Amino acid sequence: MNALGPTLALARREVRGVFSRYRLVVFLVLWTGAAIVLNYNYLPDVTRSFAEFAGQARELLTIESMALLLGLCLAVPSIAAVSITAERDQETLDQLRLTLLTDRAILRGKAIASLAAAAAFIIAMMPVFAVAQFSVGLDNVQIIEVLVYVLVFTRMIVHIGLACSAFFRRALPALAVTYLSLAILTFALGFLALDGSPIIGLGGPSQSIRVLLPGGGPPVAVEEVLLSYLAPSVVLRTILRGAVPEWQIALMCLMPLLLSFVAVRVARWGLVRTSE
């Protein structure tokens, strides 16, 4: 408890600072309003057949989830990627490291503030997700799996931002690298994973390394497997199709957790390196 107290004190200070920014609140309100309008325009047509209605419902939830991830990718890095560089600019980072807080505790306190902002964003979007719960063709398990993936992806966003903030001494390069990393993970990989993209089957079938996945089926190219597990748009569509086993969905959620682990290690190393 004695070790947890300073961390919670730092987290409270950071959370107060985050929610005192009116721009974050304005962005949250505007983005949620846009999501509601988008949800209304893409409501499934009840006059269609059951199969078409179910397909529209899955597509609607995919769009809602990607809109939520996009909003998180835009809002959260502006908090996480400047949390440590701001301490350097104010010349308070060295003083913070001289307290009872360890480097891990400092990063944890900073992460809590960013996760609190992300949580507010996700909670504000819950009414939009509630519409999907009443759609034909979706069950609660699929919706829960989508939300779990969103949560682990949010954790990855926060830790990537903290890693860049700890690694770079200035806020601008930290923000630029954070947004670039998330753009690659969120959009570039999703584009490359599309059928017919240049990287799928790169060099022709004879030059692609193919592997057999558990559960049978034909061999699959390694690059296709990697993109399918990393690109959020592909992961969300895979979950909502309901055609893959639970272990594969768990592995898809594990990939952001592994990237989070690497980002935390980089953040701790960067915190020490830039303080020397």
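**Aromatic pairs**

I counted the aromatic pairs and got five. My rule pairs rings of Phe, Tyr and Trp (its six-membered ring) if their centres lie within 6.5 Å. Planes under 30 degrees apart count as stacked, over 60 as edge-to-face and the rest as tilted.

The model is predicted, so I kept local features to pLDDT of at least 70 and side-chain atom pairs to pLDDT 80 or more, while totals for chains, interfaces and linings use all residues. Residues are numbered from 1 along each chain as its sequence is written, and side-chain values use heavy atoms, with hydrogens and water left out.

I looked at F27 and W31 next. The pair is stacked, with 5.5 Å from centre to centre and 25 degrees between the planes. Both residues sit in helix α2 (residues 22-41), four residues apart, about one turn of the helix. Helices here are DSSP runs of H or I with at least four residues, and strands are runs of E with at least two, numbered from the N terminus. F27 has 25% relative accessibility, so I logged F27 as partly exposed. My cut-offs: buried is under 20% relative accessible area, exposed is over 50%, partly exposed is in between (1.4 Å probe, protein chains only). Ring pairs also join F27, W31 and F121 in a cluster.

Then I turned to Y149 and F153. Their ring centres are 6.0 Å apart and their planes at 35 degrees, so this pair is tilted. Both are in helix α8, four residues apart, about one helical turn. Y149 is buried at 0% relative accessible area. F153 is buried too, at 1%.

**α8 against α11**

How are α8 and α11 set against each other? Helix α8 (residues 140-167) and helix α11 (residues 232-241) pack at about 160 degrees, axes 9 Å apart. So α8 is roughly antiparallel to α11. For reference, angles under 35 degrees count as roughly parallel, over 145 as roughly antiparallel, 65 to 115 as roughly perpendicular and the rest as oblique. Axes are lines fitted to C-alpha atoms, for helices over the stretch in contact, and angles run from 0 to 180 degrees between N-to-C directions.

I listed the contact residues (heavy atoms within 4.5 Å). From α8 come Q142, E145, V146, Y149 and F153; from α11 come P232, V235, L236, I239, L240 and R241.

**V264**

V264 is in helix α12 (residues 246-275). Its relative accessibility is 27%, so V264 counts as partly exposed. Leaving aside neighbours within four places in sequence, V264 contacts L107 and H159. I also noted R108, 156 residues from V264 in sequence and 9.6 Å away, C-alpha to C-alpha.
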